[in-house]
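Please consider the sequence and the model shown below. The paragraphs that follow lead through selected parts of the structure in turn.

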Amino acid sequence: MAFPKTRMRRLRRNTTIRRWVRQTRLTADQLVYPLFVQSKPKGRQAISSLPGQFRYSVDPIAKEAKAVYALGIPAILLFGIPKTKDEAGSEAYDDEGIVQEAVRAIRKAVPDLLVITDVCLCEYTSQGHCGWVDSSSKEIRVDNDRSLELLSRIAVSHAKAGAHIVAPSDMMDGRVAAIREGLDQEGFTDVAILSYAAKFCSSFYGPFREAVRSAPERGDRRTYQMDPANSREALKEMELDLEEGADLLMIKPALPYLDIIALARQRFEAPIVAYQVSGEYAMIKSSAKNKDEERALALETLTAIHRAGADILITYFAKALAPYLYRLRH
Ligand code: PBG
């Protein structure tokens, strides 16, 4: 039945009917808001590469977390900027480290907010790589197997502080298994692993690296993060992470990788999480003429990411968007 009997515009004629037939709905329930903690200066400091985002010290971050939860956002993803960086990234697994301190403060201030911590070495190592680098060697070689023990120690230390979910973002082989083993050995059997399973070596991370000062001193991340050209390899990464014990799978960045999200949705039963990263945020921020346009762009891109198959969305727009989203009350 073609035109004139069929008229596609009938179901688009007003807001109510569009609302009624809409296939994909964003709710605040699906959102995760990234937060950055540092020990000094006290208070909050604007991040110039991410307009509208801040680095907080511990007390204000607990307050901010409370405000985030009050908007209906169930989860935050926490990143730390350490006082000092060293070869082994030792502040990352120090029980008195900045992330651990912030997790304790946030859990105390907002017990029901889900606290997800980013597990990685790049913010903590002097060389800025996501794994162990032998400094005596002339070339940059990230030592996979030596990194595993450190990553597992970071995850355990986050769990001890009260993290509900740990999110390894380093892309070392075998790290999900190493982390699961470390957590279980210490009795943290209920702490879930959100694996950055298909993390592409992307230029969209630029503003983030400025925010946490984690750009590698030498070399790049191509030997561990994925080649943006590969989709079958992404599926293999996700399959392996599930086998190793990942509870949730992340794809990152989001908008340029909708095909990967759609493939993952078809192939796997685990919740799929997509990270709309710093460069995606900055791009929208700098192109929008005003707040309304910015919100419309955020909503459209996140709806597309959800439509492609992502259940959960990590986005710097979470706070700005939450008040405008559907609210399910049950
Ligand atoms: C740490 C990490 C990065 C991001 C999340 N965790 C940066 C990187 O891998 O260089 C990027 C987040 C963003 O761009 O918003 N490994």
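Does Arg213 count as buried, partly exposed or exposed? At 44% relative accessibility, Arg213 counts as partly exposed, where buried means under 20% relative accessible area, exposed over 50%, and partly exposed in between, computed with a 1.4 Å probe on protein chains only. The model is predicted, so local features need pLDDT of at least 70 and side-chain atom pairs count only at pLDDT 80 or more, while totals for chains, interfaces and linings use all residues. Residues are numbered from 1 along each chain as its sequence is written, and side-chain values use heavy atoms, with hydrogens and water left out.

Most residues other than glycine have a negative phi, and most peptide bonds are trans. Arg213 is not a glycine, yet its phi is positive, at about 50°. Arg213 is placed in the loop between helix 6 (206–212) and helix 7 (232–244); here helices are DSSP runs of H or I with at least four residues, strands are runs of E with at least two, and both are numbered from the N terminus. Met171, again not a glycine, has a positive phi of about 70°. The loop that holds Met171 runs between strand 8 (165–168) and helix 5 (175–185). Met171 counts as buried because its relative accessibility is 4%.

Two peptide bonds also deserve attention. Phe3 and Pro4 are joined by a cis peptide bond with omega of about 10°, and Pro4 belongs to the segment before helix 1. A cis bond also leads from Lys252 to Pro253, with omega near -10°. Pro253 is found in the loop between strand 10 (248–252) and helix 8 (258–267).

A polar side-chain atom of Lys199 is 2.6 Å from an oxygen atom of the ligand.

Ser49 lies in the loop between strand 2 (44–46) and strand 3 (54–56), and counts as buried because its relative accessibility is 13%. The side chain of Ser49 reaches the backbone oxygen of Pro207 at 2.7 Å. With neighbours within four places in sequence left aside, Ser49 is in contact (heavy atoms within 4.5 Å) with Pro207, Glu210, Ala211 and Ala282.

Charged pairs come next. The whole structure has 15 salt bridges, each a side-chain nitrogen of Lys or Arg within 4 Å of a carboxyl oxygen of Asp or Glu. One of them joins Asp95 and Lys160, at 3.4 Å from N to O. Asp95 lies in the loop between strand 4 (75–81) and helix 3 (98–109) and Lys160 in helix 4 (residues 144–161), so this pair ties together parts that are 65 residues apart in sequence. Asp95 is partly exposed at 29% relative accessibility, and Lys160 is partly exposed at 48%.

Another salt bridge links Asp241 and Arg175, whose closest N and O atoms are 3.3 Å apart. Asp241 in helix 7 and Arg175 in helix 5 are 66 residues apart, so the pair links distant parts of the chain. Asp241 is buried, with a relative accessible area of 3%, and Arg175 is buried, with 1%. A further salt bridge brings together the side chains of Glu293 and Lys289 at 2.8 Å, N to O. Glu293 counts as partly exposed at 26% relative accessibility, whereas Lys289 counts as exposed at 67%.

Terms used. A polar contact is a pair of N or O atoms within 3.5 Å; within protein, one must be able to donate a hydrogen and the other to accept it, and residues adjacent in sequence count only if both atoms are side-chain atoms.
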